[in-house]
Amino acid sequence: MDESGDHSLVKVDADFPIFVLTFVIVEKEDYAHGLVPAVKELKFRFWGHDAAILHSHEIRKPRGDFAFLQIKERRDAFLADLNEMMCEAPYTLVAVAIRKDRLTKQYRKPYSPYHLALELGLERVRDYLLRQGQKGRLTWLLAEARGDKEDQDLELEFRRVMDGEGAMGSDVSATPFEMRILSKKANAEGMQLADLVAHPVARHVLKPDQPNQAFDIIEAKLMVNGRGRYEGVGLKVFP
């Protein structure tokens, strides 16, 4: 799991009034033998080591390990290989976008965007897992640390959702989940993938008619229903 945008409702940014939470779902076999090697190969190709952490913001505004992207030829080569990796990597995507501008207008006491996104996302991940025959089988969620208080709030809300006491009373008990919160410095390939897909989803929801090559690439990874549609399924916008 990872996010784009902030979950605060105190002051909503008029230019980016959205919070997106992404869930990258990967089978363990595919993760160990497909996703991890693909990410490592990309890193070795451009850095000569695998210590660099793929981070969307630093790619968009090159700095740190990504300063070399200021050179057009190297940027073009890197983005081409990154896009290919995102296309070929074995994963399914669930994304929940909370329109904070609409939320504050429609609800007098709106629920936390992060907690809403967590519950709506877990509903959809549960549905996907049930279709894969995973009823009753443990699934691990990995979330990025955001601060002591925020992490405690997240763990509490996670337990509420698991007990059917979230904002919407979702029942996700058919598929037991456990959650681990990782440091921002954790070099976990799945976390990096979740980070890379979050911002393109946010841009697509805010400006669907604007060119968005990154979303075009990950669109095929969104979970779909029986009719092949991802709206409301792999991509849920609320409200």
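The following legends describe close-up views of a predicted model.

Residues are numbered from 1 along each chain as its sequence is written. In this predicted model, local features need pLDDT of at least 70 and side-chain atom pairs count only at pLDDT 80 or more, totals for chains, interfaces and linings use all residues, and side-chain values use heavy atoms, with hydrogens and water left out.

**View 1. The aromatic pair Phe46 and Phe68.**
Rings of Phe, Tyr and Trp (its six-membered ring) are taken as a pair if their centres lie within 6.5 Å; planes under 30 degrees apart count as stacked, over 60 as edge-to-face and the rest as tilted. The count by this rule is ten aromatic pairs. Phe46 and Phe68 are stacked, because their ring centres are 6.3 Å apart and their planes lie at 15°. This pair links distant parts of the chain, 22 residues apart: Phe46 belongs to helix α1 (residues 28-47), and Phe68 to the loop between α2 (56-60) and α3 (72-88). Helices (H or I, at least four residues) and strands (E, at least two) are DSSP runs numbered from the N terminus. Buried means under 20% relative accessible area, exposed over 50%, and partly exposed in between (1.4 Å probe, protein chains only). Phe46 is buried at 15% relative accessibility, and Phe68 is buried at 11%. One aromatic cluster is formed by Phe46, Trp47, Phe66, Phe68 and Phe78.

**View 2. Charged side chains over the rings of Tyr114 and Tyr91.**
A charge sits over a ring if NZ of Lys or CZ of Arg is within 6 Å of the ring centre and within 35 degrees of the ring normal. Arg146 lies over the face of Tyr114, 3.8 Å from the ring centre. Over the ring of Tyr91 sits the charged end of Lys221, at 4.9 Å from its centre.

**View 3. The parallel strands β4 and β5.**
Strand β4 (residues 139-144) and strand β5 (residues 177-182) run parallel and are joined by six bridges; two strands pair if DSSP finds at least two bridges between them. Opposite Phe177 in β5 stands Thr139. From β4 the chain passes through helix α6 (residues 148-162) to β5 in a right-handed β-α-β crossover. Right-handed means that, with the strands pointing away from the viewer, the path from the first strand over the helix to the second runs clockwise.

**View 4. Ser170 and Asp163 in the loop between α6 and β5.**
Ser170 is buried, at 4% relative accessibility, whereas Asp163 is exposed, with a relative accessible area of 57%. The side chains of Ser170 and Glu119 are joined by a polar contact of 2.7 Å (a pair of N or O atoms within 3.5 Å; within protein, one must be able to donate a hydrogen and the other to accept it, and residues adjacent in sequence count only if both atoms are side-chain atoms). With neighbours within four places in sequence left aside, Ser170 is in contact (heavy atoms within 4.5 Å) with Glu119, Glu123, Val161 and Gly164. Asp163 and Val205 are 42 residues apart in sequence and 31 Å apart in space, C-alpha to C-alpha.

**View 5. The surroundings of Pro17.**
Pro17 lies in the loop between β1 (2-4) and β2 (18-25) and is buried, with a relative accessible area of 7%. Residues up to four places away in sequence not counted, Pro17 touches Val12, Ile98, Arg99, Lys100, Asp101 and Leu206. The C-alpha atoms of Pro17 and His7 are 9.7 Å apart in space, the two residues being ten apart in sequence.

**View 6. The cis peptide bond from Phe238 to Pro239.**
This bond has omega near -10°. Pro239 is placed in the segment after β6 (235-238).
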